[in-house]
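Subject: Structure handover

Hello,

Please find the structure below. My notes on its pockets and on one pair of helices follow.

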Amino acid sequence: CHLSEKSFTDGLAISPGVFGRLGERNSPQLANVAYKPLFFKDGGIATLELQALAPFDAHFEFDLNIVEAVERLQNDPYYVQRFQEVFEDEPSVYGVTRALASFQRTFVSGNSRYDKHVFQGKNVLTDAELNGMALFNSEELKCAECHSGVFFTDYSYMNIGLETWYPDSGRARITVNPADAGKFEVPSLRNVAVTAPYMFDGRFQTLEEVIDHFASGGVDHRNKSELLTGFSISDAEKADLIAFLNTLTDESFLNNP
């Protein structure tokens with residue numbers, strides 16, 4: 001589900017798990033996951049260590065009890081040796097979750113052309129890309145209202161008018177609050193050009209489709225964000241905006257698994 005060259009997504013709308021069973025949501029990218037306050041698109045997991053456990057029991061992912069997984073490791077001489085070297089103990093649930101979480105914390109992405117321009121002061125962006133950045137930060141488009149900061153997300157949960165009724169209630173699954181129905185985590189836009197398809201269910205194949213959705217203002221829903229008011233954008237402006245989004249691609253990260 002998580003390929004390094006796709007910023008640890010898989011290019012599929014919904015990822016298959018064990019025996020080809022389809023999951024429920026689009027696989028999230030994992031760049032800079034160490035800095036996230038909560039995990040999953042509904043924020044239902046508090047730490048990377050706990051997140052590592054979730055796929056094991058999920059029927060449509062591993063469908064494997066973590067105890068059985070650890071027993072398999074205990075029967076593998078290589079992992080017995082490695083756990084002894086790292087944890088001074090035999091393979092355990094503690095060690096598995098800590099090792100996976102520690103590895104994911106190495107997924108740091110911050111060397112895109114955007115970073116070279118903004119943080120290193122290098123003149124590497126074209127006029128079209130600079131115009132796209134201005135559009136991104138404009139009051140008309142409001143992209144930066146949520147996709148803000150160094151990670152291009154404020155880690156909030158938003159209903160962006162994708163449905164009039166959501167079979168997947170999103171954040172409301174966790175809070176059991178009807179006011180959170182249809183709200184999903186605002187994703188980071190780093191490496192966004194390589195993480196298609198988009199949205200929680202992978203419904204949009206291209207960045208053009210994503211922009212068209214926001215330009216339309218989305219469909220009516222009682223929880224839809226007030227920021228979704230729609231906007232006008234020309235084909236040339238859309239091309240410039242996409243050109244800017246492409247500058248967020250960190251080739252050194254994608255090519256260094």
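How many nonpolar, polar and charged residues are in the lining of the second largest pocket? By class, 6 are nonpolar, 1 is polar and 2 are charged. Here Ala, Val, Leu, Ile, Met, Phe, Trp, Tyr, Cys and Pro count as nonpolar, Asp, Glu, Lys and Arg as charged, and the others, Gly among them, as polar.

This is a predicted model, in which local features need pLDDT of at least 70 and side-chain atom pairs count only at pLDDT 80 or more, while totals for chains, interfaces and linings use all residues. Residues are numbered from 1 along each chain as its sequence is written, and side-chain values use heavy atoms, leaving out hydrogens and water.

A pocket is an open set of points on a 1 Å grid over the protein atoms alone where a 1.4 Å probe fits, with protein on both sides within 12 Å along at least five of seven lines; lining residues have an atom within 4 Å of a point. The second largest pocket holds about 210 Å³ of space, a volume being the space filled by probe spheres set on the points. Its lining includes Y78, R82 and S102, and α3 gives the largest share, 6 residues. Helices are DSSP runs (H or I, at least four residues), numbered from the N terminus.

The largest pocket has about 1200 Å³ of space. Its lining has 48 residues, with H2, F40, Q51, P55 and E61 nearest the centre. Of the lining, 30 residues are nonpolar, 11 polar and 7 charged.

Regards

Terms used. Helices (H or I, at least four residues) and strands (E, at least two) are DSSP runs, numbered from the N terminus.
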